[in-house]
Amino acid sequence: MAFLDALKEQILIGDGAIGTLLYSKGITETCFENLNRTAEEKIYEVHQEYLQAGANVIQTNTYAANSIKLANYGLEHKVTELNRKGVEIAKRAVRDHNAYVLGTVGGITGLQTKIVTDEEIQRSFEEQLENILQADPDGLLFETFYSLEELKNVIALARKMTDKPIVAQVALGDIGVLYGGTPVNEALNTLIETGANVVGLNCRMGPYHMIRSLEDVSLYKNAYLSCYPNASLPDYEDGRFYYQSNPNYFGENALRFREQGVRLLGGCCGTTPEHIRAMADALKGYKPITEKDIKKKQLVIQVTKNTKETDKSIDEIAKERTAVIVELDPPKQLHVNKFLDGAKALHEAGVDAVTLADNSLASPRVDNMALGAMMQSQVGARPLVHLTCRDRNLIGLQSHLMGLHTLGMNQVLAVTGDPTKVGDFPGASSVYDLTSFDLISLIKQLNEGISFSGKSLGQQANFTVGAAFNPNVRSLEKAVVRMEKKIAAGADYFMTQPVYCEQQIIDVYEATKHINKPIYLGIMPLTSSRNAEFLHNEVPGIKLTDEIRRRMAACGEDKERAEIEGINIAKSLIDTAIQYFNGIYLITPFLRYEMTVVLTQYIYEQVGYNPSSLQNQV
């Protein structure tokens, strides 16, 4: 009987985790797929154990046998051998059993930074599928996909290559939703429309959460449901994840999975032949259900809106008039009085926001959220908080953003962050779970009231998201393309690195004049010739003209003269910038806020704007 015909009549039992069982046997190979060629009999024995436990559907040991993941072990040239051998071993294992073999393909990208292009991912999937299909399995199993879009793409690709049955399983972000907030029922419908015959869930969670997630899922007329839960939530010890050994619990929940309409039931991480045996025994004599009542759940998210004129966002202000934001770096030491004095002076000068970098140049500073809260409450200035991908994982990023929202700080700049090797602790780890593009998108997701995992936050955030734009590159056109990608991700406005050439300001305008988002052009006054030479020669992305370097060098060791010259150079740049841009981003050097106060006042004088009327309203 064909695989889909069998599912029409009965509940099929899948196998459990291959890696868990191999590890329990003392096999510590870092790439389990490589065992298809180096320890074929070990893989055969794993399949046999699951078949003897009652599984009648087994998956091939090819989950990560794609060129992208195999490259981590220097095995990218073994794609053909590992995939074909994986199917051959599984087919040999079921020879004396009434069982089916599914060629397994795992997701490539997750929530973490995508280090390869979409085209490379597509080529990798195509190569793996071609080799699996040539070995002729009974069907395909796509499992542990965090990206619904990626899973749709691989299903569409497979459908061009074969008419074999496709089982497509997504990983949950939270109960009932995928990462990004897509409801499970909606996601599974999408997979069916794309060409999958069996759709469901696997990995990430145990039976309890998966059963709850399936409660909202209908029975489909043209497809079947599957589920491969983890043994439990994982524990971590000595560098490895551990799962509770709970076969009886799996047996008890097998009938609950049946009640949700599951017809293909197996196990994922932490499950063993004992788990599979318990489910197979519990379901003996039971037929699949054909009807199911669905109780629709209402997702309630409180909508919040700003109503005060003084709550206009940074991008809105720049659309109406010349706006000034000033960066004031948090101090490296615990003394914060000078910082607060600077914030007060800038606020009194009328700046629209004081921006606070997030451990700039990878050096630890007083936390910018703490200083932003102090500045907001004690001085009355609006904080614009920078947020890097370098220092926090996904958990920390969302928690930090939730804290900012709670404190009423809704202006953020999302940046990748300088690598740790340039800072005070070069041996520290750079996290980079996300790119700046990903972070922008996820912050916008919070504005919909949906967490990074897809779970409701109960309330919408109201962040305005700035993004970085570096005009100091060889190819301005490529920088603009990145800019456009950030707009697609949800960026509301841009802040540039400092520019030190009038012609460059004009070039930036010409290259970006089609962009419909405000751009705050970066200008940082120089403080000395040494400062100028350091920026020119050692800071990535900043180049000074020979004329500016000569002017600063002519000041010699006279600090006062150098500071005045630095201000004059900045004023000249401002004269050009305000002709082309409504936003000016002043960067305060070394907490010398007196310099940026002077420049703020100069800008407002040049454009004829009096900030005192707004100050009186606040």
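# Briefing: sheets, helix contacts and cysteines

Helix α14 (residues 337–349) packs against helix α23 (residues 593–607) at an angle of about 10°, and their axes lie 9 Å apart. That makes α14 roughly parallel to α23. The model is predicted: local features need pLDDT of at least 70, side-chain atom pairs count only at pLDDT 80 or more, and totals for chains, interfaces and linings use all residues. Residues are numbered from 1 along each chain as its sequence is written, and side-chain values use heavy atoms, with hydrogens and water left out.

**Terms for elements and angles**

- Helices (H or I, at least four residues) and strands (E, at least two) are DSSP runs, numbered from the N terminus.
- Axes are lines fitted to C-alpha atoms, for helices over the stretch in contact, and angles run from 0 to 180 degrees between N-to-C directions.
- Angles under 35 degrees count as roughly parallel, over 145 as roughly antiparallel, 65 to 115 as roughly perpendicular and the rest as oblique.

**Helix pairs**

- From α14, Lys338, Asp341, Gly342, Ala345, Leu346 and Ala349 meet Tyr593, Thr596, Val597, Thr600, Gln601 and Tyr604 of α23; contact means heavy atoms within 4.5 Å.
- By class, this contact of α14 with α23 holds six nonpolar, four polar and two charged residues. Nonpolar covers Ala, Val, Leu, Ile, Met, Phe, Trp, Tyr, Cys and Pro; charged covers Asp, Glu, Lys and Arg; the others, Gly among them, are polar.
- Helix α10 (residues 207–214) and helix α11 (residues 247–259) cross at roughly 5°, and their axes come within 11 Å. That makes α10 roughly parallel to α11.
- Pro207, Tyr208, Met210, Ile211 and Leu214 in α10 meet Tyr249, Phe250, Asn253, Arg256 and Phe257 in α11. The residues of this contact of α10 with α11 divide into eight nonpolar, one polar and one charged.

**Closed barrel**

- Eight strands form a closed barrel, β11-β12-β13-β14-β15-β16-β17-β18, with parallel pairing. Two strands pair if DSSP finds at least two bridges between them.
- The twist averages 25° from one strand to the next.
- Four bridges pair β13 (residues 383–388) with β14 (residues 411–415) in the parallel sense. Across this pair, Leu387 stands opposite Ala414, and Val385 stands opposite Val412.
- Helix α23 packs on this sheet, touching β11 (323–327) and β18 (583–587), and its direction makes about 165° with that of β18.
- Five of the five residues of β14 are buried, so this strand is largely enclosed by the rest of the structure. Buried means under 20% relative accessible area, exposed over 50%, and partly exposed in between (1.4 Å probe, protein chains only).
- Both faces of β14 are covered: Gln411, Leu413 and Val415 are buried on one side, Val412 and Ala414 on the other.

**Open sheet**

- A further eight strands make an open sheet in the order β1-β10-β7-β6-β5-β4-β3-β2, with parallel pairing.
- Its edge strands are β1 (12–13) and β2 (57–59), and each pairs on one side only.
- Strands β3 (residues 100–106) and β4 (residues 139–145) run parallel and are joined by five bridges. Thr104 stands opposite Leu141 in β4.

**Cysteines**

- A search of the whole structure finds zero disulfides; a disulfide is a pair of cysteine sulfur atoms within 2.5 Å.
- Cys269 is in no disulfide, and the nearest cysteine sulfur, that of Cys203, is 3.7 Å away. Cys269 counts as partly exposed, at 24% relative accessibility.
- For Cys555, the closest cysteine sulfur is in Cys501, 19 Å away and too far for a bond. Cys555 counts as buried, at 4% relative accessibility.
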